[in-house]
Amino acid sequence: MLKIKNNFDLKSTINCGQIFRYEINDNEFIVLIKDRVLLLKIVDDEIIVESNKEDNLKEIVTDYFDLDRDYDIIIDDILKRDEKLESVLAFSKGLRMIHQDPFETLIAYIISQNNRVPSIANSLNLIAKNYGEKIIFKEKTYYLFPTLEKLKDITEEDFRECKVGFRDKYLYGIINSIKNGDLDLEKIYKMNGEDALNYLMSFKGIGNKVASCILLFAYQKFDVYPIDTWVKKFMKEDYNIEGEKNIRKFTLDKYKEYSGLAIQYMFNYKRNGSNE
DNA sequence: TGCCAGGCCTTCC
DNA sequence: GGAAGGCATGGC
């Protein structure tokens with residue numbers, strides 16, 4: 001068991017569209033990460049973390065929720081560049097960028113194209129159930145997301161059975177590219193945002209949006225930013241800017257190296273702010 | 001029923 | 001090089 005300070009917004013962080021495989025019940029959260037199940041409970045000014053695997057728990061939780069980074073400095077910086085974002089930033093205060101596993105993020109965001117969040121989660125859970133390691137934790141069953149090794153013989157039809165639809169061929173191709181070494185996920189850590197974006201986009205089924213999400217959510221490249229329907233909506237309604245090209249130019253000019261974060265705050269504000 | 005979803009690829013000008 | 005159409009699946 002681990003206790004950490006409850007000094008960020010755990011619920012929004014989990015629930016703001018970065019990750020898909022989680023459960024929320026009141027102040028209890030289940031998050032499925034690479035090699036274990038995390039159970040997080042908010043108790044007053046602490047967050048209590050339990051897991052089926054307790055070794056290195058502190059390091060893993062710190063890394064996953066990006067706890068060593070000072071987000072107040074970043075938010076102040078964004079605010080200085082754009083005062084109009086004050087209410088957006090206030091709404092997302094305490095939101096942290098989750099540091100996800102690149103392989104699962106890659107698969108997840110390929111599935112996300114032209115899809116809805118519940119469907120994406122359903123497909124990922126089916127893949128985990130069919131190919132991932134089974135974990136029993138507190139008398140409940142969970143499945144970890146499979147490693148590449150466990151997916152090495154998967155076919156397009158197998159993917160289709162996980163309800164991924166037309167994305168089956170993309171996923172199959174990507175798995176093969178990793179297997180034969182064309183796609184090296186480790187190499188991306190050392191690349192700058194733009195090079196990494198072009199590298200990922202050279203593979204079939206990965207466009208700008210999907211590549212940006214992978215780089216932002218798995219590699220913490222905050223200068224890369226996914227422009228999706230929600231961000232387009234925000235830009236049109238609040239800034240009167242239309243067209244992806246124009247949004248891209250405006251965003252990078254304005255928010256520079258924190259464009260990805262600014263975009264994530266806008267997304268959260270537009271998608272979750274108007275629904276609740 | 002018909003439309004659309006945190007897009008991308010292909011085809012066609 | 002830019003616009004349109006198709007794509008599996010599920011929810012409304």
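How far apart do the C-alpha centres of domain 2 and domain 3 lie? In this predicted model, the C-alpha centres of these two domains are separated by 27 Å.

**View 1. Domains of chain A and the contact of domain 2 with domain 3.** The domain assignment of chain A gives domain 1 as residues 2-64, domain 2 as the two segments 71-92 and 225-273, and domain 3 as residues 102-217. To the contact of domain 2 with domain 3, domain 2 gives five residues and domain 3 gives four residues. On the side of domain 2 that touches domain 3, the residues divide by class into three nonpolar, one polar and one charged.

**View 2. The surface of residues around DNA strand B.** Among the 20 residues around DNA strand B, those that come nearest are Gly17, Gln113, Gly207, Val210 and Pro226.

**View 3. The hairpin of strands E6 and E7.** Strand E6 (residues 134-137) and strand E7 (residues 140-143) run antiparallel and are joined by four bridges. One pairing to follow in this view is that of Ile135, whose bridge partner in E7 is Tyr142. Two residues lie between the strands of the hairpin, where Lys138 takes a positive phi near 50°.

Methods:
Residues numbered from 1 in each chain as written. Chains lettered and ligands numbered in written order. Predicted model: local features only at pLDDT ≥ 70, side-chain atom pairs only at ≥ 80, totals over all residues. Near = placed C-beta within 6 Å. Domains from an automatic or database assignment. Contact = placed C-beta atoms within 7 Å. Nonpolar A, V, L, I, M, F, W, Y, C, P; charged D, E, K, R; others polar. Pairing = 2+ DSSP bridges.
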